[in-house]
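Let us walk through this model one site at a time. Keep the sequence beside the coordinates as you read.

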Amino acid sequence: MESKLIDHLFRYHSGKMVSVLTRIFGLAHLEIIEDAVQDTFIKASVAWRQQQPENPEAWLTKAAKNRVLDIFRKLKTEKKLLPNLQQSRDFIAVNELFLDTEIEDAQLRMIFTACHPNLDPRDRISFALKTVSGFSIKEISSALLTKEETVKKRLFRARKIIQKGDIKFHIPQGKALPQRLESVMEVLYLIFNEGFHSNTQETLIRKELCGEAMRLCQMLLKNELTRTSAAYALFALMCFHSARLEAKINSANEILDLKHQDRSLWHFPLIQLGNTMMNKAVIDTEYSCYHYEAAIAAEHLRASHFDETNWTKILYWYECLYEMQPTPIHTLTMAVVCLQNLDFNKAKQYLNQLKASDLEQRSYLYYGTLSDYYVATKNIPKAIENLNLALKTVTNSSEKEYLQKKRVDLVSKFNRS
């Protein structure tokens, strides 16, 4: 129980603690700060075996404050340059730096630091996921569909550039802001997606990651400099997807696709909030990829039954999205939509544009869709063959069970024919 609680708190608090401590000690000492935060949680995992504190969050906050003193001593011992906090024009007492408003400010600064143009775009995303939201290397690898060794190299490069370069711990202004904000939103989108559809072995949905991404996105909307139509659209998208979380898994922890979800479980207040955010997002007529994705999600929510889904409208939004963002996953999804629309020729055209390796860790989605195509066109042997390939490449246990059930049904169907 303690390990689950600590894991949850690490996910929720480590980014806050790293950001606040970086604001105090500066980016030059980032590695020491990350080690100190890691050490705080290791100490918690040991101390809490004997007795769990009444208020775990307060315990961690106090421990983090104590690490401030430890870091001072360590840096003095190593004769590193320390910030002269007492003479700083915007000096804030250490206790006050842990207030919610100051934590938010520090985290926004950290997000924008992670997305600095001096960093390679891929390195920015990896670094932000690690530093701001406490992702493990394995989780970053999953979220970005890349190898763990590649992630380690990206993190190393990012830290090196940030520590050696003249990068300031602040939110940029003027012309530098839009490009950096775009990178920030991409990071938040990836954090949310990892929560909404996790690629980890045992867990399909990780609500704490969805909540974290929404919290960080709200921080963008609270700040005048970062409150844009794209940020509103991104938050609307998160609301629309979050509204369906309770319906994605049944009581037996089995995945339910859209067709079989109990729509009465969809959370209406989140849908309303998403609609409000979307109304603000479209005041400006310059649309982002988040506008189109939110429009697609809203279209699904609009249908009171699966059979009432307007697949033609959804395909139109996907085509708009693909024009802006031509990615393999969007091509695959357009094939799925065409299958729902019974346009099998067009579905196959989209599938022919892809190969499984284009989707890397999610290659099972390609095989699963190809299997669905062969089911729809009455070629059950080929459908089973592709479902077997999907089962070989899927990592999540819930999704594996879902595919195995489909395979059992197909084999039964084939044997009856």
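Start with the cysteines. The sulfur of Cys239 lies 8.5 Å from the closest cysteine sulfur, in Cys217, and that is too far for a bond. A disulfide here is a pair of cysteine sulfur atoms within 2.5 Å. The whole structure, when searched, gives zero disulfides. Cys217 accordingly is in no disulfide. Cys217 is buried, at a relative accessible area of 0%. Cys239 is buried too, with 0% relative accessibility. Buried means under 20% relative accessible area, exposed means over 50%, and partly exposed lies in between (1.4 Å probe, protein chains only).

A word on the ground rules. This is a predicted model, in which local features need pLDDT of at least 70, side-chain atom pairs count only at pLDDT 80 or more, and totals for chains, interfaces and linings use all residues. Residues are numbered from 1 along each chain as its sequence is written, and side-chain values use heavy atoms, with hydrogens and water left out.

Next, the helix termed H13. Helix H13 covers residues 268-281 and has 14 residues. Helices are DSSP runs (H or I, at least four residues), as strands are (E, at least two), and they are numbered from the N terminus. From its first C-alpha to its last, H13 reaches 20 Å, close to the 20 Å expected at 1.5 Å a residue. The expected span is 1.5 Å times one less than the number of residues.

Which residues of H13 are buried? They are Leu270, Ile271, Gly274, Met277, Met278 and Ala281. Seen down the axis of H13, these buried residues fall within an arc of 125°, so they line one face of the helix. The arc is that of the directions from the helix axis to the C-beta atoms. Turned away from the buried side is a face that carries the exposed residues Phe268 and Asn279. The cover over the buried residues of H13 includes helix H10 (207-222), helix H11 (229-242) and helix H14 (289-302).

Now the aromatic rings. The structure holds eight aromatic pairs. Rings of Phe, Tyr and Trp (its six-membered ring) pair if their centres lie within 6.5 Å; planes under 30 degrees apart count as stacked, over 60 as edge-to-face and the rest as tilted. Trp48 and Trp59 have ring centres 5.3 Å apart and planes at 75°, so this pair is edge-to-face. The pair links distant parts of the chain, with Trp48 in helix H2 (residues 30-50) and Trp59 in helix H3 (residues 56-77), eleven residues apart. Trp48 is buried at 2% relative accessible area. Trp59 counts as partly exposed, at 29%.

Phe306 and Trp311 form another edge-to-face pair, because their ring centres are 5.6 Å apart and their planes stand at 65°. Phe306 is buried at 12% relative accessibility. Trp311 is buried at 12%. Elsewhere, ring pairs join Tyr287, Tyr292, Tyr316 and Trp317 into a cluster.

Arg159 sits in helix H8 (residues 148-164). Arg159 is buried, with a relative accessible area of 17%. Its side chain makes a polar contact of 2.7 Å with the side chain of Glu34. A polar contact is a pair of N or O atoms within 3.5 Å; within protein, one must be able to donate a hydrogen and the other to accept it, and residues adjacent in sequence count only if both atoms are side-chain atoms. Not counting residues up to four places away in sequence, Arg159 touches Glu34, Phe127 and Lys130. Contact means heavy atoms within 4.5 Å.

Lys16 belongs to helix H1 (residues 2-25). Lys16 is buried at 11% relative accessible area. Beyond four places in sequence, Lys16 touches Ile103, Gln107 and Arg215.

His116 lies in the loop between helix H5 (100-114) and helix H6 (121-131). His116 is buried, at 13% relative accessibility. Beyond four places in sequence, His116 touches Arg124, Ile167 and Arg180.

Finish with backbone angles. Most residues other than glycine have a negative phi. Leu342 is not a glycine, yet has a positive phi of about 60°. Leu342 sits in the loop between helix H16 (328-340) and helix H17 (344-352). Leu342 is exposed, at 63% relative accessible area. Lys378, also not a glycine, has a positive phi of about 65°. Lys378 sits in the loop between helix H18 (363-376) and helix H19 (380-393). Lys378 is exposed, at 71%.
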